[in-house]
Amino acid sequence: MSFSVTEPSRLQKSVAGALVVIYALVTIMPLAWIIATGFKSPNDAIAYPPKVVFEPTLEGYVNLFTTRTRMSPDALEEIGPPETWYDKIVRQYDMVISGPSRYGERFLNSVIIGFGSTFLSVFLGTLAAYAFSRFKVPLKDDLMFFILSTRMMPPIAVAIPIFLMFRQLGLSDTHLGMILLYTAVNLSLSVWLLKGFIDEIPVEYEEAALIDGYTRFQAFYKVVLPQATTGIASTAIFCLIFAWNEYAFAVLLTSGTAQTAPPFIPTIIGVGKDWPAVAAGTTLFLVPVMVFTILLRKHLLRGITFGAVRK
Amino acid sequence: MTDETTSRSPAVAPAGFARKYRGLSDRAVAWLFIGPSIFLLLAINIFPLIWTIRLSLTNYRANRTNADVDWVGLRNYERILTDPDIWNSMQATAHFLIWTLVLQVLIGFGLAYLINKKFKGNDLWTTIIVLPMMLSPAVVGNFWTFLYQPQIGLFNYVVAFLSGVDPSSFSMIGDVNLAPWAIVIVDTWMWTPFVMLICLAGLRSIPDSIYEAAECDRASRWRQFWTITVPMTLPFLMLAVLFRGIENFKMFDLVVQLTGGGPGSITELTSINLKREAFEKWRTGYASAYAVILFVTVFGLASIYVKALNKVKER
Amino acid sequence: MKSIGLASVAAASLAVAFSGSAKAEDLTLCWASWDPANALVELSKDFEAESGHSMSFEFVPWPNFADRMLNELNSGGKLCDLMIGDSQWIGGSAENGHYVKLNDFFDAEGIKMDDFIDATVTGYSEWPKNTPNYWALPAFGDVVGWTYRKDWFERPELQAEFKEKYGRDLGVPATFAELKDIAEFFQEREIDGNTVYGASIYTERGSEGITMGAMDVLYSFGFKYENPEKAYDMEGFVNGPGAVAGLEYYKELYECCTPPGSSNGYMSEGIDAFKSGQVALQMNFAFTWPGFESDANVGNGKTGYFVNPAGPDGEQFAQLGGQGISVVSYSDKQDAALEYIKWFAQPDVQAKWWEMGGFSCLKAVTLAPDFPQSQPYAQTFLDSMAIVKDFWAEPSYATLLQDTQKRFHDYVVAGNGTAQEALDGLVRDWTETFEDDGKL
């Protein structure tokens, strides 16, 4: 039947395929449900039995981005009828939009702190990885293990002295403080990954360059770096995903100014169980990561295991 | 130009005076490149660790900046090791750790095995399976509280649909017996793809020639599986277990959002307990001792495990 | 006409008073994110107009409020200029220097604490308790009370059935025993085609929910925090027979008469349960009451309110809620912040505050003759505020609270051990904390 002994039979393939598809569908259901909830009205969201078919509305998204106040019927009369589509949605509940919510700011903070720390950790990581890869650094293995072991501490444990340190230095609730912290945490990942990528770049190119009269620095810059761009890109994306999703440090070390989205999203629920708004906030926050996952799927394994597994 | 052989050790620049004429020496470059990273790591990881150890020997409270701080020696450690709450959270963590590892290994390996059959479109489905692990664990914990709600949640409804049980009769996160399983289920949902990816890499690394040789020797599929597939994937599996183990020992955000440590303290993992001591009760000295104990535990266990892993790799 | 006249005179005089202040500042006020906060945003527009300062607000929902704000205060953060902090934070904030002491300011501006309800001054402003040291202006009065479905209670067939079963009329319970009867009566009953349940009570583990709920009941059963004659002497008072009976009652009520899935509920879960018609009785803070009046499902006379019932020995207390407004000592804009407090303390501002849904603590407002009729819940609010008791406001309040949360949730919801063991354990926990503090 099959042409090679190791090639699975058609039957095996179909069965395997079916099982995997079933698992994929089951596993994507919670996620799909949350995305759908973002488009339901609050009553539909908490309906029982759970509504699979519903009338979509942007109420969740409107609530996500605005703060509203309830007004008495008289006050509402004075203000007059609602004008825009979002005013109309809010007016259904005798409420009026009183300003933007903090979600936009928090999302932006996630972007700033995420990209800032990613840039820094990839920059420093590339330099360090190059040095570890090419030079005879004393205690190299120990240093590499030390770098890896920094990931073994529970973040809460690390947060205790960092909290005190930041308080002393005035870095509490600042973008700079969080960027430095995330950079330090991501360094372990980026050094290990980039060393793996750089190890794979043949040494011959640099040696040729050196012999041609380039300095070490120039050899690094002109020869190695261009060849490492895919590795750098993969590393960058993994560092970004960590900084993007991080919660423990964010909830303990940030407040009004530098708070990122993960500590904020659970509080969107407000007093009255506004699940569509929470779902909307969650969905928007997932979008960048989902895009990256799809773009990045070939490099997934490397990144997640610190380059320990090669393709 | 020149015909360098590949047996040259990496990056040894030509010796002697020529080096100095090529800009910064290699040593300078090495230090320049490594320096900032090591500095940052020392500042944010090592210095705080030393500070934590020092704090653990005092009765400092971070919310009482005006109060006196006394040296108490090892008393915090003593109290921690005799505190039943601490042992309770160790138990909760152990239960979580063991069951998530078992489930993720079984399901992850199974999935990898099936995906390795290379059916049509497996790229697409693999990407879909991988999505959950890229999300923020805190946000995942939060939306799973919605899914687990007894009367309006999807989870209860699906279970009711499949088994006929009344959906409002059980509450995954409200029942003392079910809550530990609730957190295991969510973590498994999130991280099985991770184990799957590693196992897949392992399966793909087994050369076809070995299977072909086994076929020639007329070994059955079953036998091939147990004598070739499993042993050769074992190092990868152990690596996955190492990473997941370390992560789940530190687990905080997912569980704190999902159950808050409750009901009672049945799902209060060590990190959650630590957070309560340090940032709600503000017993900083006590919490520091706790943190040191946790770090030593995970470091010790990981070191032993890595030694075992290296042995398996060498086989 | 008269009120408009007064308002313009007030505005004019305020404008004159404020014309002396320096530059226009942007003040940030931190509070919990709930309906009263939205009302305060509206109210503060008057302050902005009169003083020229602009107000920003940082609101955090209750379950995260204490964590986030205490963290903020402990890190010396400058986010908040004004803080409407929970009543129990007073001890810690006073002793650790988070709040500005307001005695001199009150004296200079003629703000008298006698003008405010006594219980609120003690509860929200004073530290140490019962001494004239003020760290906050009472801003929002709150207390735990109960709502009930008056429309269900008025149904003749239910009244008849209840009378037959219990030998008395279906009405507002005077004791906790009566309350349990009513809750059992409604548990899993079919009303209008839906299954309803008896009562919604506080069971939240994370912040303070189950403590507030259980204490609300325990006080009336004879629970005391300490020996009235000897501070911090807790044995026999925290874990006396009355307290044990009270905690057992709370557990029985949780198990017999609450909706499924109420293992971690606090204020918003209670609101939901009541508004969606799931329960006949609801334990909740008074701030929730205005929201019910305007609700489509339970408004317009369907909701009734009653004071916390009495315990078996006739003692009757209610758990104090509410907050005072303070100036954060790390703020750079303390002068402007104090202006806000001065503005807020005025009688007509307080009167407007009550109208907008804020529970004013000013005697002039609450003891006005037309107050009880101003809202259906006003009388219940007054009666409840007369019988309040509060949790520890010590500097280590957070530790004491977490100990209580754990012990109560472990017993009531998770079903571990007995009530006696839980309370004995609590005495041990609290003793350890007070010893650490040097108070014992």
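**Notebook: core, interfaces and domains**

I began with the largest nonpolar core of this predicted model: among its 304 residues, Ala159(A) and Leu247(C) touch the most other members. By nonpolar core I mean a set of buried Ala, Val, Leu, Ile, Met, Phe, Trp, Tyr and Cys residues joined through C-beta atoms within 7 Å. Buried means that 20 or more other C-beta atoms lie within 10 Å of the residue's own, exposed means 12 or fewer, and partly exposed is in between, with C-beta atoms placed from the backbone. Helix 8 (residues 179-204) of chain B gives this core its largest share, 16 residues. Helices (H or I, at least four residues) and strands (E, at least two) are DSSP runs, numbered from the N terminus.

A note on conventions: residues are numbered from 1 along each chain as its sequence is written, and chains are lettered from A and ligands numbered from 1 in the order in which they are written. As this is a predicted model, local features need pLDDT of at least 70 and side-chain atom pairs count only at pLDDT 80 or more, while totals for chains, interfaces and linings use all residues.

**Around Leu247(C)**

Which residues does Leu247(C) touch, not counting those up to four places away in sequence? I found Ala214(C), Leu218(C), Tyr411(C), Ala419(C), Ala422(C) and Leu423(C). Contact here means C-beta atoms, placed from the backbone, within 7 Å.

**Chain B with chain A**

I looked up this contact next, and it takes 83 residues from chain B and 89 residues from chain A. On the chain B side, helix 2 (residues 26-56) gives the most, with 14 residues. That side has 58 nonpolar, 13 polar and 12 charged residues. For these classes, Ala, Val, Leu, Ile, Met, Phe, Trp, Tyr, Cys and Pro count as nonpolar, Asp, Glu, Lys and Arg as charged, and the others, Gly among them, as polar.

**Chain A with chain C**

Here the contact takes 17 residues from chain A and 20 residues from chain C. Strand 1 (66-70) and helix 8 (155-169) of chain A each supply at least two residues of the chain A side. I noted 4 nonpolar, 9 polar and 4 charged residues on that side.

**A helix pair in chain B**

How do helix 10 (residues 221-249) and helix 13 (residues 284-314) of chain B pack? Their angle is about 170°, and their axes are 10 Å apart. Axes are lines fitted to C-alpha atoms, for helices over the stretch in contact, and angles run from 0 to 180 degrees between N-to-C directions. That angle makes helix 10 of chain B roughly antiparallel to helix 13 of chain B, a label for angles over 145 degrees. From helix 10 of chain B, the contact includes Leu234(B), Pro235(B) and Met238(B); from helix 13 of chain B, it includes Val298(B), Ala302(B) and Lys313(B). By class I noted 12 nonpolar, no polar and 1 charged residues.

**Domains of chain C**

Chain C is divided into domain 1 (2-140 + 323-358) and domain 2 (144-319), with bounds from an automatic or database domain assignment. Their C-alpha centres lie 32 Å apart. In the contact, 7 residues of domain 1 of chain C meet 7 residues of domain 2 of chain C. Helix 3 of chain C gives the most to the domain 1 side, with 3 residues.

Helix 8 (residues 156-166) of chain C is hardly covered, with 1 buried residue among its 11. Gly167(C) follows this helix, and its phi is positive, near 75°.

Terms used:
Two residues are in contact if their C-beta atoms, placed from the backbone, lie within 7 Å. Angles under 35 degrees count as roughly parallel, over 145 as roughly antiparallel, 65 to 115 as roughly perpendicular and the rest as oblique.
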